[in-house]
Amino acid sequence: MQMFLRTLAPSTKTIACRTRGNCLRCYATASSLDPRDIRNIALLAHIDSGKTTLTESILHASSYLTAPGSVDTGSTTTDFLPAERERGITIQSASIPVHWKRWTFNLIDTPGHADFGMEVESASRVIDGAVVLLDAVEGVEGQTKGVWRQLDRHSVPTRMIFLNKLDRTGASFNSSLLSMLNHRLHPKPAVLTLPIASFDPQKYDTAEPGIEGIVDLVNWEVWRWKPSNESTYAAAESVSRSPLPLTEEALSTTFESSTKSHPMIAELLPARMALIHTLCDSSPELMDALLELPDKPSPYLMIPKEKLMSALRQLTLDRTILPIVCGAALKHVGTEILLNYVGELLASPFDVTVRDPKDLVAGVRKNAIQKREQLQVLAWKVSWDKRKGWMTFVRVYSGTLNAQSSLINTTNRQKERVSKVMLFYASQPEEVEALSFGGVGVILGLKHTRTGDTLTSMSWNESDAPSTLRSITPPPSVISASVVPHSRSDVEPVQEALQSLARTDPSLRVTEDVQEGQTLVHGLGALHLEIVEGRLKDEWGVKLQFGKRRVTYRENFRNEDPDGVTKESRWERDVGGKHMGASITMTVRALHEDATDPFHHQFVETWGGNSVTIRDKAGELIALPSPDSSGFDNLKFPSTSVVASLLQGISSGLTSSPHTLLPLSYLNITISSFSLDQGSPPSALTAAAAGILRTILMDAGAGRIMEPFVRVKVDVGDETLGKVVKDLTEHGGEIQDLGSGMITDDNEVGPYSQDGLYIPPKWLTPSSSGTRGSEVTASIKRSIHAVAPLARMLDYSSRLRAVSGGQAVFEMSNAGFRSVGEARRIEILKDIGRL
């Protein structure tokens, strides 16, 4: 196959085929793949947990790269945007096919920063398996729980943990596993591999960091990596793997040293026994197979690995257990083992079609793709390229997608023409003739398709229901900035660039402030808007600057009566001598801020934190998404229908409070009945709904103002701890914890139990526990956990640098909206010019 080059800064890296026709680039034009051998997976984690480094290690192990790139030098394959290489962070998700043994992995590398949560949201919607990375020094962190909740929201059926960075000082397998239980990721973590810090037992006594080998408890073998003099480990060709003995007597001499026995020897059999016990608890077949074996030699060593793997796969598919493997991606330790378990354990498209009833709009419970010959495709990402134009990333849920075919977008009823079908290796395209069931690729030529839209073949008709897969809802924006073009001639190019960028990034909203006569962009955080401004200048070449950043405040409903306020209203007008009229009965009540409220449903985020329901003829309440969201079923409720018109009126009324002109949140609106006078257009319902909602809000009085808050974690030395705490409290921050690292969400009721689980001893990763047998050594830095108003944290990077002398680092994640007191309310209204 032809070799190709990619120009990198500051050096040039060669990417070549080293498998003599067996790599995926040679394999890409095959007519079809067995869906049982496809794994659609994503790497997800908190920022700086090593996702991109692991991606490079995977590409190197699979022979896609002759030499892996580095985040530090900006030479990685999946971080190809200039801003990504400059900052050393992942900004957008990147998809790349990987061929490993008999499997094809459609691998998606995702950002770890909360400001780019939309990329994780869209990737989570189309994957069947997730590898969640944990930094073995930090354990479960804020965004770890954030991506875990996203996986829960999209019902991703299979997951596993890769415990990374075990080569670092302070890495702890024990503490990381306990953090999974403390933060309630899963009640049954199953340890499949154990790290060997060194094959020299004396290094366990001196507490030296490192990882030289891994014990595979399922396949009962040990992998050994040879250290190199360049602080990295040898390439895969020099890795050795050896089977472990099948008798306890022979096992006792494993890793035998001339000076003393290796401490790992005594831990191997108990770890394997604990794993088998965990599996047997939920697998009667494995228990029967274990009981059938003789007592001598140990049945835990003699049980066939095929039976163990079969039970592991089934329990992983059922989410009964959470598999855990370990390694160090930077040194390419454990990557091959991870790939083996991804192929063996994670779900294939054949295992899941529509994985959950929520995957279908309007609560329809039938399987939308029982007929696999009927083409059904979900667009999960849209991108723009100056040479190729609009590129639509898709997943094929049924049928086969062919190049030069015609499709219909069932979300907006637009016809589309596919010019090319491609596989993308990060930024490098590979044209193919077709994508089959389960495939992930890119379509060129689509003009009207946005993220979350469903595409099907032209043979589809409206009687084929249900037709639209559940869409992808962007997270709500929390910060905004004004857009200032440099000159009048720049206004139109800036507007076009904004609309194009908003199509590629649905979490970016563009609105017009009529009162102040300016364009506003709304995003997920300060870093998000900073990147947006840079991309507009660099990629679209427009001349602009962003004005003062300001957060998005909201207003809630003042009336706290559980029954709310019910009003029956009649709307009538004479337009051009023609009578128009509509009647609506509407109930508005306060929606509680937590998900325990019975009116919380999957479409709340599409309404900006509100709940809208309509009572049908049978008296049942039906929840519907906002008509402005990509998840709205335009086929069932076209824009000219009475339901769409009614919802459009509610949406209009929620955009601006009659008291403060702020968007409204935490309202539950129920339409008990509505009617349209004969001969009146549906738009009469739009005006009637907006009018009655405004009347109810005016009569109720001004609600409380809601302010966005963020969770903040600051790692700082003891010498500047007091200054950092003082700065946080002076800017409205609430200190929650100093150094424990065990902050949990308010709705978490406590850690999962350790009973019956295998918890590795602390000395297993010796650098985390000092000399073997000693207590945990004190950390040089302390971790401050706090909650603070986002508006007062926009300049926190420079403030923290000043008070800590540049020696502290911080992380932020969204903590939702909170009501403010009267003093802060007046301060906010003055700041936004409403008082």
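Predicted model: local features only at pLDDT ≥ 70, side-chain atom pairs only at ≥ 80, totals over all residues.
Residues are numbered from 1 along each chain as its sequence is written, and side-chain values use heavy atoms, with hydrogens and water left out.

The mean pLDDT (the predictor's confidence in each residue, from 0 to 100) is 82 for the protein, and 85% of the residues reach 70 or more.

Helices and strands are DSSP runs, numbered from the N terminus; helices are runs of H or I with at least four residues, and strands are runs of E with at least two. Helix 6 spans residues 173-182, and seven of its ten residues are buried, so this helix is largely enclosed by the rest of the structure. Buried means under 20% relative accessible area, exposed means over 50%, and partly exposed lies in between (1.4 Å probe, protein chains only). The buried residues of helix 6 are F173, N174, S176, L177, S179, M180 and L181. These residues pack against strand 6 (129-135), strand 7 (158-164), strand 8 (189-191), strand 9 (193-196) and strand 13 (322-326).

K188 is found in the loop between helix 6 and strand 8. With a relative accessible area of 23%, K188 is partly exposed. Its C-alpha atom is separated by 5.1 Å from that of I321, which is 133 residues away along the chain. Apart from residues up to four places away in sequence, K188 touches T278, D281, S282, T320, I321, L322 and L757.

Helix 18 (residues 721-730) packs with helix 19 (residues 796-804) at an angle of about 145°, and the two axes are 9 Å apart. Axes are lines fitted to C-alpha atoms, for helices over the stretch in contact, and angles run from 0 to 180 degrees between N-to-C directions. On the side of helix 18, the contact involves K723, V724, D727 and L728; on the side of helix 19, it involves Y796, R799, L800, V803 and S804. By class, this contact has five nonpolar, one polar and three charged residues. Here Ala, Val, Leu, Ile, Met, Phe, Trp, Tyr, Cys and Pro count as nonpolar, Asp, Glu, Lys and Arg as charged, and the others, Gly among them, as polar.

The structure holds seven aromatic pairs. Rings of Phe, Tyr and Trp (its six-membered ring) pair if their centres lie within 6.5 Å; planes under 30 degrees apart count as stacked, over 60 as edge-to-face and the rest as tilted. Y204 and W763 form an edge-to-face pair, at 6.2 Å centre to centre and with 70° between the planes. Y204 lies in helix 7 (residues 202-205) and W763 in the loop between strand 35 (734-738) and strand 36 (781-789), so the pair ties together parts that are 559 residues apart in sequence. Both Y204 and W763 are buried. W223 and W225 form a stacked pair, at 5.9 Å centre to centre and with 20° between the planes. Both W223 and W225 are buried.

A502 is placed in helix 14 (residues 491-504). This residue counts as buried, at 13% relative accessibility. Beyond its neighbours within four places in sequence, A502 is in contact with R450, L508 and V510. The C-alpha atoms of A502 and R450 are separated by 10.0 Å, and the two residues are 52 residues apart along the chain.

Some backbone features occur in loops. A cis peptide bond joins K296 and P297, with omega about -10°. P297 is in the loop between helix 10 (284-291) and helix 11 (299-302). D48, a residue other than glycine, has a positive phi near 65°. D48 lies in the loop between strand 3 (38-45) and helix 2 (51-61), and is exposed, with a relative accessible area of 54%. K101 is not a glycine either, and has a positive phi of about 55°. The place of K101 is in the loop between strand 4 (94-100) and strand 5 (103-109).

Terms used:
Contact = heavy atoms within 4.5 Å.
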